[in-house]
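Please read this briefing alongside the sequence and the coordinates.

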Amino acid sequence: MKSFLVIGMGHFGKHLADRLQRMGNEVMIIDKCVEKIEDLAPDFQDAQIGDCTSKNLLKSLDVEDFDVCFVTVGDNFQSSLEISYLLKELGAKCVVAEVGRDVQEKFLLRNGADYVIYPERDMASRMAVKYSANNVFDYIELSPEYGIFEIPPMEAWVGKSIRELDIRGKYGMNVLGVKSQDSIRPMPGVDYVFTGEEHVVVLGNKDQVIKITNKK
């Protein structure tokens, strides 16, 4: 279990905080909007109202005790910049800031943020890859070239093992897991035989995986 501070309860911040908490983490949320915090307070053990551009307020939160501090006020770049800087100045271990435009990224990284997240761009990229391919159920980008894909097994794989198919050598993909209904079997052995009913989670080159799945 980790501890997180999520500053800014816009759409992204709210969903991020909710997901972090559902995963069993300790989450503190804070926003300067009274109505937002009043609406969310029943769902969080620690919800506070306040303007985090105030150094004194941030200091009172003991930000150095959180594993990660998220700054999710992407609609207000000036506030995001100030808060990120103050968090780092006060000893925050890791600051992750939301950005709304490409040009904002370099300023945040130079002024306190350890990492930046760009929800709209990342989702657009994910959707573009997912729907460019005929048979991709899900996709996570790792770099501009590589990603993790959830795909159906190719027809030629059914009834054969990972060893027989030499998936890494022939297709340039590593099998990370196989999913069957609601369960997942991580890192299946080379003797695993595909049934045709499962989904396969693979790591590979984006263009190569799309090319392969479009041939199915």
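In this predicted model, 41% of the 216 residues of the protein chain count as buried. The accessible surface of the protein chain comes to about 12,400 Å², and carbon and sulfur atoms account for 49% of that area.

**Overall form**

- The radius of gyration of the protein chain is 21 Å, whereas a compact globule of 216 residues would have a value near 17 Å.
- The C-alpha trace of the protein chain, taken along its principal axes, spans about 65 × 35 × 30 Å.
- Among contacts in the protein chain with a separation of 6 or more, 54% are between residues 24 or more positions apart.

- Nine helices and eleven strands make up the secondary-structure count for the protein chain, and six strands form an open sheet with parallel pairing, in the order β3-β2-β1-β4-β5-β6.
- The edges of this sheet are β3 (46-49) and β6 (115-117), each of which pairs on one side only, and the twist from one strand to the next averages 20°.

**Strand pairing and helix packing**

- Strand β1 (residues 3-7) pairs with strand β4 (residues 68-71) in the parallel sense, over four bridges, and V68 in β4 is the bridge partner of F4.
- Helix α5 (residues 102-110) packs on the sheet, where it touches both β5 (95-98) and β6, and the direction of helix α5 makes about 150° with that of β6.

Notes:
Residues numbered from 1 in each chain as written. Predicted model: local features only at pLDDT ≥ 70, side-chain atom pairs only at ≥ 80, totals over all residues. Heavy atoms only, no water. Pairing = 2+ DSSP bridges. Helix = DSSP H or I, 4+ residues; strand = E, 2+ residues; numbered from the N terminus. Axes fitted to C-alpha atoms, helices over the stretch in contact; angles between N-to-C directions. Contact = heavy atoms within 4.5 Å. Rg over C-alpha atoms; globule rule 2.2 N^0.38 Å. Buried < 20%, exposed > 50% of the residue type's maximum accessible area, 1.4 Å probe, protein only. Areas by Shrake-Rupley, 256 points an atom, 1.4 Å probe, with all protein chains shown as cover.
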